[in-house]
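Student: Could you take me closely through one part of this model, and tell me where its pieces lie and what they meet?

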Amino acid sequence: MTERRPRKTGSKPIESISFDDIDRRILDMLQEDSDTPMHVISETVGLSTNPCWRRIKRMEEAGLIKKRVALVDQQRANVPLTVFIGLSTTRHGIDWLEEFRKLIDEIPEIVEAYRLTGTVDYILKVVVPDMASYDAVYKTMIRRLEFSQVNSMMAMEELKFTTAIPTEHL
């Protein structure tokens, strides 16, 4: 088996590259299904295969396309419970932030994390099989770091989920 070479992303400054409607259409198609065959993309956007491939490579080199991944169904992966955790802390030093980053990197159930403005300092998205599994994540977190407030919200229904970002602002 050959080892897959990592894509060279972000090697060109994005400001030096202009994007047109064809680039946006290609990007929209890849965001919908990154496995779409090159000949299908090129036919859809009205280019031959090589120029279409070069445009995709250019977007990868600019870091606009970070990587291509498979989206896994949460239910079928046995992690149907989504929990959003709002965290507040009285500690705002770089050392604490670095420890927090290490902690969230070590917990695979934390799939998204953001530092916020306002009354809540951080928000996490956690996916777990059940409440007992969430409790284990919670206990792991509070054993390692001190939080002034932990506010957990269980998602009852997913109303919208997409990884696609709008391309009309390119």
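Tutor: In this predicted model, R76 sits in the loop that runs between α3 (49-61) and β1 (81-88), where helices (H or I, at least four residues) and strands (E, at least two) are DSSP runs numbered from the N terminus. R76 counts as exposed because its relative accessibility is 79%, given that buried means under 20% relative accessible area, exposed over 50% and partly exposed in between, with a 1.4 Å probe and protein chains only. From R76 to S152 there are 76 residues in sequence, and 24 Å in space from C-alpha to C-alpha.

The loop between α3 and β1 also holds N78, which is exposed as well because its relative accessibility is 52%. The phi of N78 is near 60°, a positive value in a residue other than glycine.

Turning to α3 itself, its axis and that of helix α2 (residues 38-45) come within 9 Å and cross at roughly 100°, the axes being lines fitted to C-alpha atoms over the stretch in contact, with angles from 0 to 180 degrees between N-to-C directions. The two helices are therefore roughly perpendicular, a term for angles of 65 to 115 degrees. Where they are in contact (heavy atoms within 4.5 Å), M38, H39, I41 and S42 of α2 meet T49, C52, W53 and I56 of α3. This contact has 5 nonpolar, 3 polar and no charged residues, with Ala, Val, Leu, Ile, Met, Phe, Trp, Tyr, Cys and Pro counted as nonpolar, Asp, Glu, Lys and Arg as charged, and the others, Gly among them, as polar.

Residues are numbered from 1 along each chain as its sequence is written, and side-chain values use heavy atoms, leaving out hydrogens and water. Local features need pLDDT of at least 70 and side-chain atom pairs count only at pLDDT 80 or more, whereas totals for chains, interfaces and linings use all residues.

Terms used: Parallel < 35°, antiparallel > 145°, perpendicular 65-115°, else oblique.
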